[in-house]
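This briefing covers the sheet, the helices packed on it, the nonpolar cores and the cavities. Please read it alongside the sequence and the model.

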Amino acid sequence: MPHQVLTPQDARLMAKIIDRPDFERWAARARSTGGCAQPVFLTGTVKHVHTGTGELLHTYSTDTEPDGALPVACKTRRASRCPACAEIYRADTYQLIRAGLAGGKGIPETVSAHPAAFVTLTAPSFGPVHARRVRNGGRVERCHPRRNAAPCPHGVVASCGVRHSEDDPRLGEPLCSDCYDYAGSVLFNALAPELWRRFTLALRRYLAKSAGLTQKEFRETLAVSFAKVAEYQRRGVVHFHAVIRFDGPGGPTAPPPGWATVRLLEDAVWHAAGAVSVTTPAAPGIPARSLTWGPQVDIRAITSSGALTQQAVAGYIAKYATKAAECVGTLDRRLDPADDLAKLPITPHARRLISQCLTLGALEEFADLRLVQWAHMLGFRGHFSTKSRRYSTTLGALRAARIAYVREQSPGWQPPDDQDPDLILAIGEWRFASQGLTRGEALVTAALTGRPLPPPAEVTARSAA
């Protein structure tokens, strides 16, 4: 985030917060959210009742809190919405991925000796787009240099001799928007999860056939574990980064058979990536089409040391767990029925992708793809990070460990020594009050927690209330 200069108005807003008589309590609650940029404020009570006697032992009410409400972190994974909560999600994803490669979090360190590869599966081309290509020596190549290129039917010459910079807004934009296959792009996004499912099935079939095993024998001999994350390319199409690992039938605690090598894994990925396809629905005037993975399949072995380490892979995958389609210039929220597509602050390319989602989603044949509901994601409706059951620990387990740690540090009300804790019931009644921070609250929260400052023009639900 670029450096921001505080204005005199910002200073007055911050002073107003700091001068509160209950500022110490307010600051403690702000720190408890970890610097969340859009905390949820709840009102309510918690009553501790003895189930044997019915005696009310203790009551907590948000009436004693600053402004009569309790702030709770939003817990979003989107860095564009809340950097603080997204950072926690990123760190958890890093630990999850790393544990499956190097051990820890309940996974034995011996898993680091299991064959594993970092795989990238991309989408096919839906038309030439402006791109930045860098050679191994660091030299930036020209975008699409084509001599004597004939104009397309729309009068556009599909050529670009520019060496684009990393922040060039034209990156990902089609050379000719009217030639670009917008329907194919959003349908690929919608069906990418199914294409991945078929890829994993084809992968296991190839491995079983290579070993001369039936599917039952294969499951009793080798387990294939994976963790993946979806990333948006600048053109608005998702591709998948995945860690794929060989285990014995017991999962990460058992070594795989000797014939299950990284070379076999590479061959299986190449075969499965080229063998699977998914057919789109057909509609009046829209024929069915077969979608496949793109030709750019990347497979690299993961090692404890070398060019591609376990830590590097975990960091790379975790980085994309907090991002969505923002790099394409689209929205980071669902479309509202009252939204005017022409007036939304999005790029022309994103606007046409969203428009295509709305157009196809209105047809009965495409209803199951839920393109209208996921138009802001350009058709993609899958989970951004997924894993097989036995790859490693879970995000839920990591969150539970963090909650237990916080409770140990701040145990809160405790029953008297003469009371059996198992007979005490906590009854909570909670209501949503508001969400978000005013400009002054956001500035002071950032100062207390060291989190990035919010944009000056940011307007939250709480400040607008």
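**Sheet, helices, cores and cavities**

Helix H3 (residues 83–102) lies across E4, strand E7 (223–232), E8 and E12, and runs at about 35 degrees to E8. Helix H4 (residues 182–211) also packs on the sheet, where it touches E4, E7 and E8; the direction of H4 makes about 25 degrees with that of E8. The model is predicted.

**Sheet layout**

- The sheet is open and has five strands in the order E11-E4-E8-E7-E12, with antiparallel pairing.
- Strand E11 (298–301) and strand E12 (385–387) are the edge strands, each pairing on one side only.
- From one strand to the next, the twist averages 15 degrees.
- Strands of a sheet pair through backbone hydrogen bonds, in either a parallel or an antiparallel sense.
- Six bridges link strand E4 (residues 116–121) to strand E8 (residues 238–247), and this pair is antiparallel.
- Within the sheet, Leu 121 stands opposite Phe 240 in E8.

**Strand E7 and its partners**

- E7 and E8 run antiparallel and are joined by 10 bridges; Ala 227 stands opposite Val 243 in E8.
- The hairpin of E7 and E8 has five residues between the strands, and Gly 236 in this hairpin takes a positive phi near 95 degrees.
- E7 also pairs with E12, in the antiparallel sense, over three bridges; here Lys 228 stands opposite Thr 386 in E12.
- E7 is mostly covered, with 10 of its 10 residues buried.
- In a regular strand the side chains alternate between the two faces of the sheet.

**Nonpolar cores**

- In soluble globular proteins, nonpolar side chains tend to be buried together.
- The largest nonpolar core has 69 residues. Those with the most contacts inside this core are Phe 188, Phe 199, Leu 207, Tyr 232, Ile 244, Val 269 and Trp 293.
- Two or more residues of this core come from each of E4, H4, E7, E8, helix H6 (262–275) and helix H8 (348–361).
- H4 gives the most to this core, with 15 residues.
- Leaving aside neighbours within four places in sequence, Trp 293 is in contact with residues including Leu 121, Phe 188, Trp 196, Phe 199, Phe 240 and Ala 273. Pro 124, Ala 192, Leu 195 and Val 276 are also among the contacts of Trp 293.
- A second, separate core has 19 residues, including Tyr 89, Ala 227, Val 313 and Ala 321.

**Cavities**

- The structure holds four cavities of 30 Å³ or more, and the largest cavity has a volume of about 150 Å³.
- The largest cavity is lined by 15 residues; the closest to its centre are Trp 26, Arg 29, Ala 30, Phe 41 and Pro 71.
- Helix H2 (23–32) and helix H10 (439–449) are the elements that give two or more residues to the lining of the largest cavity.
- H2 supplies the largest share of this lining, three residues.

Notes: Residues numbered from 1 in each chain as written. Predicted model: local features only at pLDDT ≥ 70, side-chain atom pairs only at ≥ 80, totals over all residues. Heavy atoms only, no water. Pairing = 2+ DSSP bridges. Helix = DSSP H or I, 4+ residues; strand = E, 2+ residues; numbered from the N terminus. Axes fitted to C-alpha atoms, helices over the stretch in contact; angles between N-to-C directions. Contact = heavy atoms within 4.5 Å. Core = buried A, V, L, I, M, F, W, Y, C linked by side-chain atoms within 4.5 Å. Buried < 20%, exposed > 50% of the residue type's maximum accessible area, 1.4 Å probe, protein only. 1 Å grid on protein atoms, 1.4 Å probe; cavity = no way out; pocket = protein on both sides within 12 Å on 5 of 7 lines; lining within 4 Å. Points joined across faces, edges and corners; volume = space filled by probe spheres on them.
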